[in-house]
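Please go through them in order.

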Amino acid sequence: FRLVDGRWSETSLDSRNAPAVIDVEVARATVDASSPDHFVVFDVTEAVRIWADGGLPNDGFAIVADGTEGAFTFDSKESASGGHEPRLEVTLGAFGGQPAEQPIGLDGVAGPQGDPGPAGPAGIDGQALNPQKIALLDWTRGNTTGITFPMGTHPITVIYAGGAIWVVDFETDQLRKVNPATGSVIGTFAVGDGPAYAASDGRYIWVTNDLANTVTRLRLADGSLVDTLPTGNAPTGIGFDGVDMWIVNNLDNTISRRRVSDGATLNTYPTCDGPRRVVMEGPNIWIPCTRAASVYKLRRSDGAFLASYGGFSRPTGIAFDGVRMWVVNFDVNTVSATRVSDGVTDWTIPVGGHPFGVVFDGKSIWVTNSNSDSVTKIRASDGTVIGTYAAGWGPEGVAFDGAKIWAGNSGNGTISIF
């Protein structure tokens, strides 16, 4: 189960106008030989928490296959041969009625204070609860300093896809697959020269190779190579809109739309000077442009120019929280929260030195500070800085796996978990 990013109508939905799907798994279930004629159960507590907190609008769920083999169908609620409508089951945390309220009696006379008792043993250092795990009834304590361990040579980008963390290593030209439960590397795969960013369409992992002017596609299930395709000059940012893949060509000042089935280029559209990343917002696409110090907005259906917003300073990263785009200003050590409705910036918030990457966890914004060796956490609803936490050397890429934040430290080949 993944969250849908955009409004849609049951009566008009098809492959051409389907809204984007947010690349964060919120629930998982297995369909096997025992599944026919039974309900398939998904635990959607985490998704409902995001909706209830106002982190994202309730645009429903998308059911996405994990892997490339197998086929199955669901009876719709309109089926005359035994279909059933989806059912939401709510489990309460406590049961039983409340006792009848009794009147409060008069206060008694205070007794004499007793002697102090002996001092107890010192407790261990405490940590704050991890708010991402409360809805999962996981009461382990959260990190505020970051657990850091080795991860290649120059981990520049981190994404979560297909139940795994994927780390792009710019120096070794490799993509690593990491078990999010243990942090262990479970696969290392060769890509092109100077890999920059990555995205998944649910079947493949796409990696842009900045120095080779290519994009490499690998199977999400096992990391095996599918193909390597030519792109424009210096491909950097890449994003999936639920139908097609979009690749930024930094030196050409363009963005290309690619068909996911075979990687063919469908269209190439002009952008502003120095496009760096790409992020989806319902029917629109937003592109931060470092040399133009602006953010460009295109219509997803036909690539038409909609707006350009200025006032940024070498914007290197961008993330969408359902209401605002959060744009990193690398040169002035801030992040801007800009409304998607009209392009007005509500807040510009100081963070650490040379902020680089940014991600939304459903409630908070996390920013990597590449020159301060830290990450900053910001409450998305009002822009309040919650804290700044130590990471490794030169954190850049950052991802959310549904419970934890992962930051790639490009300066010393490590990754930190919060």
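1. Strand β1 (residues 2–5) supplies the largest share of the lining of the largest cavity, namely 3 residues; strands here are DSSP runs of E of at least two residues, and helices are runs of H or I of at least four, numbered from the N terminus. This is a predicted model, in which local features need pLDDT of at least 70 and side-chain atom pairs count only at pLDDT 80 or more, while totals for chains, interfaces and linings use all residues. Residues are numbered from 1 along each chain as its sequence is written, and side-chain values use heavy atoms, with hydrogens and water left out.

2. The largest cavity holds about 40 Å³ of space, a cavity being a set of points on a 1 Å grid over the protein atoms alone where a 1.4 Å probe fits but cannot get out, with lining residues having an atom within 4 Å of a point. Its lining includes Leu3, Val4, Asp5, Trp51 and Phe320.

3. Strand β9 (residues 195–200) is mostly covered, with 6 of its 6 residues buried, where buried means under 20% relative accessible area, exposed over 50% and partly exposed in between (1.4 Å probe, protein chains only). β9 pairs with strand β10 (residues 204–209) in the antiparallel sense over 4 bridges, pairing requiring at least two DSSP bridges between the strands. Ala199 has Trp206 of β10 as its bridge partner, and Gly202, in the hairpin with 3 residues between the strands, takes a positive phi near 95 degrees.

4. Arg87 lies in the loop between β3 (61–62) and α2 (131–134) and is exposed, with a relative accessible area of 56%.

Key
1 Å grid on protein atoms, 1.4 Å probe; cavity = no way out; pocket = protein on both sides within 12 Å on 5 of 7 lines; lining within 4 Å. Points joined across faces, edges and corners; volume = space filled by probe spheres on them.
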